[in-house]
Amino acid sequence: MSTEVMTDHRASILLVDDMEDNLMALEAVLGSLNEPLVRARSGEEAMKAILRQRFAVILLDVRMPGMDGFETASNIKRLDQTKDVPIIFLTGTDNDAGYAFRGYATGAADYLTKPFDPWVLRAKVTVFLELHRKNQQLERILAREQQQFDELAARLAAIETHMAASSLKDVLELRHHVTHMEEMVKEMRRGRGGR
């Protein structure tokens, strides 16, 4: 299943709230984005979900029984595979000024107070979805380039091995091939911005 997750280009959104009404409201606001919405009714369920699949963004309620939003966020940020996933905290109260500070201190990317403006929430989530897509695109490009470099390195190693056991005529012919491959590598580097 992990292979499916890595090749799936859809940007799943994790919705974490212990209240059914809140989950339904989030689904209503974000449904038009046409991305998979995954529900979790507790911090524990959220942790299980993030171990099963990748998420572009997590919307996390602060006040939940058991593992609250702050503890859940801390656990998410401790895992290598999820430490960079943006978290938007949602809370029903703005009375405690320390909530926002605690949210950002635990790694939140943003913080909204309920009732939230649906347009603002959708706009914020859209930004994180776009960042997720750009990161996935960059990962695919880098993986492709790494594969090309690995193939070239293997070919060069094979040529060097062959050169060590070849006659002078063969060496000159192989040197021509090596020069050609070096030009290919230079061309690839120029295509990457000269790195």
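**Sheet and cores of a predicted model**

Q: Which residues form the covered face of strand 2, and which the uncovered one?
A: This is a predicted model. In strand 2, Leu37 and Arg39 make up the uncovered face. The covered face consists of Val38 and Ala40.

Q: In strand 2, what is the bridge partner of valine 16?
A: Strand 1 and strand 2 pair in the parallel sense, over 4 bridges. Valine 16 has its bridge partner in strand 2, and that residue is alanine 40.

Q: What is the order of the strands in the open sheet?
A: The sheet is open and has 5 strands, with parallel pairing. The order is 2-1-3-4-5.

Q: Why is one side of strand 2 and of strand 5 left without a neighbour in the sheet?
A: Strand 5 covers residues 110-113. Strand 2 and strand 5 each have a single partner strand, so one side of each has no neighbour in the sheet. The reason is their position: both stand at the edges.

Q: What is the average twist from one strand to the next?
A: The sheet has 5 strands in the order 2-1-3-4-5. From one strand to the next, the twist averages 20°.

Q: What angle does helix 3 make with strand 1?
A: Helix 3 lies across strand 1, strand 2 and strand 3. With strand 1 the angle is about 165°.

Q: Which element gives the most residues to the largest nonpolar core?
A: This core has 22 residues, and among those that touch the most other members are Leu14, Ile50 and Phe89. Strand 1, strand 2, helix 3, strand 3, helix 4 and strand 4 each supply at least two residues. The one that gives the most, with 4 residues, is helix 3.

Q: How many residues are in the second, separate core?
A: Leucine 14, a member of the largest core, touches residues including Val38, Ala46, Phe55 and Leu59. Leu59 is in the second, separate core, which also includes Val29, Ala56 and Leu121. The number of residues in this second core is 19.

Definitions and conventions. Residues are numbered from 1 along each chain as its sequence is written. This is a predicted model: local features need pLDDT of at least 70, side-chain atom pairs count only at pLDDT 80 or more; totals for chains, interfaces and linings use all residues. Side-chain values use heavy atoms; hydrogens and water are left out. A nonpolar core is a set of buried Ala, Val, Leu, Ile, Met, Phe, Trp, Tyr and Cys residues joined through side-chain atoms within 4.5 Å. Buried means under 20% relative accessible area, exposed over 50%, partly exposed in between (1.4 Å probe, protein chains only). Contact means heavy atoms within 4.5 Å. Two strands pair if DSSP finds at least two bridges between them. Axes are lines fitted to C-alpha atoms, for helices over the stretch in contact, and angles run from 0 to 180 degrees between N-to-C directions. Lists of a residue's contacts leave out its neighbours within four places in sequence.
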